[in-house]
Amino acid sequence: MRTTRTDLGAPRHGIPRRIRPFNCGILAQWANLKRLNNISRIQNKWRRANCKLKIINKLRHTDRYQNIEFLAMRSFKEYEGREQTYLKHFFLEHYLERVIYNIGSKWKAFTYIDGFSGPWKSDDVDYHDTSFFIASQKLSSAAEGLRKNGKEINIKCLFIEKTRTAFESLKEYTESIDGLEATAINGRFENLIPDIINYIGSSFSFVFIDPTGWTGFSLEKIQPILRLRGEVLINFMYDHINRFIGTTDLSEKSFEDLFGDKKWKARFENLLRNHGDRENAILKLYSDRLKETGNYKYIAFTKILNPKKDRSYFYLINCGKNLKGLLEFREVEQKLFEEQNLVRKSLKHSKQIEESKQSELFGPSETLTKPGLMEEERKVQLAWGKAWLADLINISNTLTMDQILSQALEFPLIWKKDVDNWIFDWASKNHISIQNSTPREKTLKAKHTIKKIKNIND
Ligand SMILES: C[S@@+](CC[C@H](N)C(=O)[O-])C[C@H]1O[C@@H](n2cnc3c(N)ncnc32)[C@H](O)[C@@H]1O
């Protein structure tokens, strides 16, 4: 039996990273035995999890359980110290489900690509806290659900990981997957673009780019992926980028790659002058460059905060080519919004209890009822968004709902229900009329056209 030195250091074997030379031999044998046991355990776990999801899918089609949501991922309590990852996985799981159900009615083949798969800082021997586990489980259950509705779809997954040790674990996992075609590749994402394009073929693709920093996915190199008909979800590591952008000449080339533009700095400074706000300027620059490079109709982003501080950690950015995708993105943002509030309030509350050491006296304190940072941000966005839409209607006279939504929903924390409410409110005050609508309609649809009668906010 042979095992490599790097295997020994992998945290999932439960062996400390630093091993003294004299006990290496014994530990090597022990680790290898444990590793072999783990492979069959992972296979069994996968089968059990799959079996559970099959039961869940059956239940889902009964009246009693149809409104209950079943998630492949763990609760946030099991992501202690990395709640931001929990929220990222929460978003991925919910959004992926919507994408697959939407495209399942039109497409016969779907490919999921995870360009930066990990495992990375996983605390779970069965990888329940990794994006590759969550995505594969979700895709497997979605395929089953679609099949039940008479829609046969061929789903395959490609997982890419640069680091050798992480790749070994990833490979073990992909080999244990049943019922889905899954492949793992050891390499750098941006060097594998032709292989990825080849693997996707003519299927609909969903590419998840989840790096640890801002390198490894240069805009120029990933352009062929951005030009596909599918969707791309990028984890934009804002906090890191903000700390390093424009600081040294050394990092300048890496930002040139990120933005795919030699003149990014002049453009950034210009945006800074116009927006005044560094965060908005960085996001606007990257969104504009994505739009230009991939010919996208819209770019939408949503924020994940540092769980313990009142500042942005990263953004999940979605690049899409149809309005349905944008609507779904904001629907999932609503769920994320609630979840993020809950996680942050719960962390704050626990911290207060710990600091005061008087849990019983504390009760459901102000922390739980006071609006959180995201709630405050949404209030500001809503006030701003309503004024923006009023201006747009005032100058355009006539607009279709498609035209309104494809612009309004690009702004974070503005949802379709908000746009509907504003329009119904203005219609009730005779500022506008809603063409092609009946009095019973409670939500607006693509067929509706908004016509100005008199200036809003007169
Ligand atoms: C943030 S972690 C991803 C975590 C994973 N997506 C999840 O949510 O569970 C980034 C992973 O990408 C790997 N990585 C870093 N640079 C890479 C590159 N250029 N190509 C492929 N993988 C890379 C790292 O080793 C790490 O495992």
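**A loop, a ligand site and a pocket**

Serine 122 sits in the loop that runs between E1 and H4; helices (H or I, at least four residues) and strands (E, at least two) are DSSP runs, numbered from the N terminus. Good morning, and let me begin with the basis of these values. This is a predicted model, in which local features need pLDDT of at least 70 and side-chain atom pairs count only at pLDDT 80 or more, while totals for chains, interfaces and linings use all residues. Residues are numbered from 1 along each chain as its sequence is written, and side-chain values use heavy atoms, with hydrogens and water left out.

Proline 119 belongs to the loop between strand E1 (109–114) and helix H4 (131–148). The peptide bond from glycine 118 to proline 119 is cis, with omega near 10 degrees. Tyrosine 127, also placed in the loop between E1 and H4, has a positive phi, near 65 degrees, in a residue other than glycine.

I turn now to the ligand. Which residues come nearest to the ligand? Of the 18 residues around the ligand (a heavy atom within 4 Å), they are His89, Phe116, Ser131, Glu161 and Asp210. A polar side-chain atom of histidine 89 is 2.8 Å from a ligand oxygen, and a ligand nitrogen is 2.9 Å from an N or O atom in the side chain of serine 131. The protein buries 94% of the 600 Å² that the ligand exposes when taken alone, by the Shrake-Rupley method with a 1.4 Å probe; for residues, only the protein chains shown count as cover.

My last topic is the second largest pocket. On a 1 Å grid over the protein atoms alone, a pocket is an open set of points where a 1.4 Å probe fits, with protein on both sides within 12 Å along at least five of seven lines; lining residues have an atom within 4 Å of a point. The second largest pocket is lined by 24 residues, with Asn280, Phe301, Gln381, Phe411 and Pro412 nearest its centre. Helix H11 (278–294), strand E6 (298–305) and helix H15 (373–396) are the elements that give two or more residues to this lining. H11 gives the most, with seven residues.

Notes: A polar contact is a pair of N or O atoms within 3.5 Å; within protein, one must be able to donate a hydrogen and the other to accept it, and residues adjacent in sequence count only if both atoms are side-chain atoms.
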